[in-house]
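This report concerns a predicted model. It treats the relation of the chains, the make-up of one chain, and a few selected elements.

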There are 2 protein chains.
Amino acid sequence: MDTFAARGYNNASLAEIADRVGLTQAGVLHYFRSKALLLTSVLELRDRADIEQLGPDRPQGLEFLRHLVNTALRNAEREGIVRLYAVLSAESVTDDHPAQEYFRDRYDGLRAFVADALHEACDLPADRAGTTRDAANAIIAVMDGLQVQWLLSPDSVDMAASTDLVVTSLLATLAPERFGTASPH
Amino acid sequence: MDTFAARGYNNASLAEIADRVGLTQAGVLHYFRSKALLLTSVLELRDRADIEQLGPDRPQGLEFLRHLVNTALRNAEREGIVRLYAVLSAESVTDDHPAQEYFRDRYDGLRAFVADALHEACDLPADRAGTTRDAANAIIAVMDGLQVQWLLSPDSVDMAASTDLVVTSLLATLAPERFGTASPH
């Protein structure tokens, strides 16, 4: 994790990874077969840890949106993991990247989760599905984009405050009768 | 530009770049001295093109915010440039990356521009500077984050619609008396 976060996938060397865990390169490849498989294993391990931390009853609706703001707050305490995802998700759009499918599927799943949560929180009619989708994509995007800014200039970026502001503002736009008074004053 | 966008900086080879422009590697290094200097020159050239396209009278306030939504719309027609910035901005947070300073300065400048535009559009008192800053950071973040999602799944992401929704919603939250009726219904 640390090596992929510090160097990106392409620039990470198996020699360095083997060195850090006290194995030979052949030893690492005995367990993971290739650098590409090691990378996707690391990402899946991280996801499993997050899912386990969430517990058996995944929060729904408004509670899930609050969980996202809380994730942004916790992320400010775990620079290594934030860097891992920020670097690899963007690097995954380069040609033939081994984590491209992983991130495409991950975003597909996240977009659907967040859109469902918005739909449940706002109780919107079916003809607002397009706006709900645009809002869901924006919430995931703002969390990702803040991470890069924060990694470069931690004192200039409050990831949780900006995420909260966007979620609150989008809820007020989508369902003004329900959330319109939720002003941050 | 194409090579850095397709491979990222670390994985881009000078040999490939030289080949694509019909020079030897020594020929490329005659003009740019190092791969790192070639990268920062490419980024500065792109910025200069964008600034020239903007004209001598940079839009201010609400007009600048509308310009950002318009940029998101135009970006959906220029995948190569979007990929260049998405890959390199995230890669710049890796150890000793040659464009780290470039992106840190670029985001500092962008954050200040967008915060000024929000301040002017909303005419907020000084004690709202923190919220204005959080909103400015979020607008830049949402544009960046949407790019990665769009590059992976162009049919699932409408960059301009999501950016517009966030800008509209943040304006309504910051200055409800001025923008509170700007509902997307």
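Residues are numbered from 1 along each chain as its sequence is written, and chains are lettered from A and ligands numbered from 1 in the order in which they are written. The model is predicted, so local features need pLDDT of at least 70 and side-chain atom pairs count only at pLDDT 80 or more, whereas totals for chains, interfaces and linings use all residues; side-chain values use heavy atoms, with hydrogens and water left out.

**Relation of the chains.** Chain B is superposed on chain A by a rotation of 180° with 0.0 Å of shift along its axis, at an RMSD of 0.0 Å (least squares on the C-alpha atoms of residues with pLDDT of at least 70 in both copies). The two copies are therefore related as by a two-fold rotation axis. The same surface serves both copies, as 100% of the contact residues of chain B recur in chain A; contact means heavy atoms within 4.5 Å.

**Chain A.** Chain A contains 10 helices and 0 strands, where helices (H or I, at least four residues) and strands (E, at least two) are DSSP runs numbered from the N terminus. Its C-alpha trace spans about 60 × 35 × 35 Å along the principal axes. Of the 185 residues in chain A, 52% are buried, that is, under 20% relative accessible area with a 1.4 Å probe and protein chains only. Among contacts in chain A between residues at least 6 apart in sequence, 67% join residues at least 24 apart.

The expected span below is 1.5 Å times one less than the number of residues.

| Helix | Residues | Length | First to last C-alpha | Expected span |
|---|---|---|---|---|
| H9(B) | 159-174 | 16 residues | 22 Å | 22 Å |
| H4(B) | 35-54 | 20 residues | 29 Å | 28 Å |

H9(B) is mostly covered, with 13 of its 16 residues buried. In H4(B), the buried residues include B:Leu38, B:Leu39, B:Val42 and B:Leu43. The buried residues of H4(B) pack against helices H1 (2-11), H2 (14-20), H3 (25-32), H6 (79-91) and H7 (100-122) of chain B. Just after H4(B), B:Gly55 takes a positive phi of about 85°.

**A loop residue.** A:Ser92 lies in the loop between helix H6 (79-91) and helix H7 (100-122) of chain A. A:Ser92 is buried, with a relative accessible area of 0%. Leaving aside neighbours within four places in sequence, A:Ser92 is in contact with A:His97, A:Ala99, A:Gln100, A:Phe103 and B:Leu152.

Definitions and conventions: Buried means under 20% relative accessible area, exposed over 50%, partly exposed in between (1.4 Å probe, protein chains only).
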